[in-house]
Amino acid sequence: MVLSAYFGRRTLLIFSHLSMAIFAALIVPGSVRNVAALVVVAVFCFNAFFNLGVGPIPWAAASEMTPRYAMTAVSAIGTGIGYIGTFVIGIIFPPLNNWWKNYTFLFFMAWNIIAAVFIYFFIPETRDRPIEDTVRKHSCGIHLVVGKKWQVPPIEEKAALGELDHGVVHEEDRALLGDTISTTPINGTDLLDLPPPISPLPPKQ
């Protein structure tokens, strides 16, 4: 996560998937030529680059492109899909290995390349980006992001462009984030700063 804070989530995910594809491809000649050292090193590097990006980053990136009201559901769905995928791999690997034998890891190489291409085209960068801006710009990230400005300007860039609204949150942003309390200003005054209403005097007896 320290590296993702420096290089960005999207960049590190693509790098992680492509590195895993390379080492999965190296396992094949090591198995075919019976070079045990190459296979061992490639397997260790495959797992190392998985833990570098693909393992932890999706959990952080998903929370940074999902409105607060949907985070619980998205987390539950993502966890379920992850466990289902692990179960499916465990089921299909033995027959796949019997069928392809030493070329089995070409399957994993192909899927890592597909994942890197998917991230390149559809996943925006979320580092230092407000959740409301990412949601408004990319609708939870599932938009074509190549060919246009896929990076949402961070707060300091927005201030330089004169787009910062001095701490007042728009109704659109609050709806995206799941908030219901309005702070829309009236005549330059925040509703939360208005004095409470004065109770009427009780009727005379």
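Which side chain does the side chain of Arg9 make a polar contact with? That was the question I opened the notebook with, and the entries below follow from it.

**Entry 1: Arg9 and its partner**

I am working from a predicted model. I looked up Arg9 and found its side chain in polar contact with the side chain of Glu64, at 2.6 Å. Arg9 sits in helix H2. I then searched the whole structure for salt bridges and got one. The pair turned out to be Glu64 and Arg9, whose side chains meet at 2.6 Å, N to O. Glu64 belongs to helix H4 (residues 57–64) and Arg9 to helix H2, so this pair ties together parts that are 55 residues apart in sequence.

Are the two partners buried or exposed? Glu64 has 17% relative accessibility and counts as buried. Arg9 is buried as well, with a relative accessible area of 11%. I noted the cut-off here: buried means under 20% relative accessible area.

**Entry 2: The chain as a whole**

Next I stepped back to see the overall layout. The protein chain has nine helices and zero strands. Reading along the sequence, I wrote the pattern down as α-α-α-α-α-α-α-α-α. The chain has 205 residues, and 27% of them count as buried. I also checked the contacts with a separation of 6 or more: residues 24 or more positions apart account for 63% of them. The accessible surface comes to about 13400 Å², and 69% of that belongs to carbon and sulfur atoms.

**Entry 3: Aromatic rings**

How many aromatic pairs does the count come to? I got 11 aromatic pairs. One of them is Phe23 with Phe49, a stacked pair at 5.5 Å centre to centre with 20 degrees between the planes.

I then went to Phe105 and Phe108, which form a tilted pair at 5.2 Å centre to centre, with 40 degrees between the planes. These two residues are three apart in helix H6 (residues 105–122), a separation of about one helical turn. Phe105 counts as partly exposed at 21% relative accessibility, while Phe108 is buried at 16%.

Which residues do ring pairs link into a cluster? I listed Phe46, Phe93, Phe105, Phe107, Phe108 and Trp111.

**Entry 4: Asn112**

I stayed in helix H6 and looked at Asn112. Asn112 is buried, with a relative accessible area of 7%. Setting aside neighbours within four places in sequence, I found Asn112 in contact with His17, Met20, Ala21 and Phe46. Phe46 is also in the ring cluster of the previous entry. With His17 there is a polar contact between side chains, at 3.0 Å. I checked one C-alpha distance as well: Asn112 and Ile14 are 98 residues apart along the chain, and their C-alpha atoms are separated by 9.2 Å.

Which residues make the nonpolar surface patch of about 590 Å²? I wrote down Leu18, Ile113, Val117, Phe118, Tyr120, Phe121 and Phe122. Helix H6 gives the most to this patch, with six residues. I picked out Phe122, which lies in helix H6. Phe122 counts as partly exposed, at 30% relative accessibility.

**Entry 5: Two loop residues with positive phi**

My last stop was the backbone. Asn34 has a positive phi of about 60 degrees although it is not a glycine. I placed Asn34 in the loop between H2 and H3. With 69% relative accessibility, Asn34 counts as exposed.

Lys101 is another residue other than glycine with a positive phi, near 55 degrees. Lys101 lies in the loop between helix H5 (71–100) and H6. At 56% relative accessibility, Lys101 counts as exposed.

Definitions and conventions. Residues are numbered from 1 along each chain as its sequence is written. This is a predicted model: local features need pLDDT of at least 70, side-chain atom pairs count only at pLDDT 80 or more; totals for chains, interfaces and linings use all residues. Side-chain values use heavy atoms; hydrogens and water are left out. Rings of Phe, Tyr and Trp (its six-membered ring) pair if their centres lie within 6.5 Å; planes under 30 degrees apart count as stacked, over 60 as edge-to-face and the rest as tilted. Helices (H or I, at least four residues) and strands (E, at least two) are DSSP runs, numbered from the N terminus. Buried means under 20% relative accessible area, exposed over 50%, partly exposed in between (1.4 Å probe, protein chains only). Patches are made of residues with over 30% relative accessible area and no salt bridge: like charges are joined within 9 Å, nonpolar side chains (Val, Leu, Ile, Met, Phe, Trp, Tyr) within 5 Å. Accessible areas come from the Shrake-Rupley method with a 1.4 Å probe; for residues, only the protein chains shown count as cover. A salt bridge is a side-chain nitrogen of Lys or Arg within 4 Å of a carboxyl oxygen of Asp or Glu. Contact means heavy atoms within 4.5 Å. A polar contact is a pair of N or O atoms within 3.5 Å; within protein, one must be able to donate a hydrogen and the other to accept it, and residues adjacent in sequence count only if both atoms are side-chain atoms.
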